[in-house]
Amino acid sequence: MREINNIVILTGAGISAESGVATFRGPDGLWEGHRVEDVATPEAFQRDPDLVLKFYDERRAKLQTVEPNAAHKALARLDAEWGGNLLLVTQNVDDLHDRAGSSRLVHMHGDLLNGLCLSCGQRSVITDDFSNRPACPHCGERTIRPDIVWFGEMPYHMDQIELALARCDLFVSIGTSGAVYPAAGFVQTARHYGAQALEMNLDPSDGSLYFHESRMGKAGELVPAWVETLLSY
């Protein structure tokens, strides 16, 4: 513990599920009643933009009914009090880490509250429903799509993430399935450069064998306890 200075933390759907945010893909293979291929690909948007925009409007509306949980708040505390380098990488498109107060944070799969203009390429916070076709604040065109990384698209901030993984002493994965790449490969990258690796999850992930330690349980219980221990050294 005393040798840890640089930390990279990866969070997935499991941490937000405890706040009431639906996980990306349920046991029936559907996301909120829809096939992923129908709402989370560029082809789906081209084929039926009204369906896709309505789907993300519904996700945005539900997001306003949930709050950060103890795990989000504990990671925000760690962000505020940790004197070394820290990067919190979330695969989640919700804003619960932001609302909890984390600042050393990147959203690798985009942000549900943002829109991406297909005309000028700029990203902006969009308060109106996507289905109302709001004008881009930068160019005025009504060509806004959700600023979400869909299947077949490149995740954001990969250069920053890869650099942090190469420099970290500790890699921590929280609430992730270990099934979606490139995030599923982060633990192997971190270990390649000599980092220790800790997993906290409800159940063992697909990549559990790559971690030095796996702690099973609710993030809302495991993460605050871990943060408290880490900050006590």
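View 1. Arg133 has 28% relative accessibility and so counts as partly exposed (buried is under 20% relative accessible area, exposed over 50%, partly exposed in between; 1.4 Å probe, protein chains only). Its phi is near 55 degrees, positive in a residue other than glycine. Arg133 sits in the loop between strand E7 (123-125) and strand E8 (144-148). Helices (H or I, at least four residues) and strands (E, at least two) are DSSP runs, numbered from the N terminus. This is a predicted model: local features need pLDDT of at least 70, side-chain atom pairs count only at pLDDT 80 or more, and totals for chains, interfaces and linings use all residues. Residues are numbered from 1 along each chain as its sequence is written, and side-chain values use heavy atoms, with hydrogens and water left out.

**View 2. His157, in the loop between E8 and helix H7 (158-167).** Phi is near 65 degrees, a positive value in a residue other than glycine. His157 is partly exposed, at 38% relative accessible area.

**View 3. The cis bond from Tyr181 to Pro182.** Omega is near 10 degrees. Pro182 lies in the loop between E9 and helix H8 (186-192). Most peptide bonds are trans.

**View 4. Buried residues of H9.** Ala219, Leu222, Val223, Trp226, Val227 and Leu230 are buried.

**View 5. Contacts of Ile174.** Ile174 touches residues including Ile9, Leu75, Met200 and Val223, not counting those up to four places away in sequence. Contact means heavy atoms within 4.5 Å.
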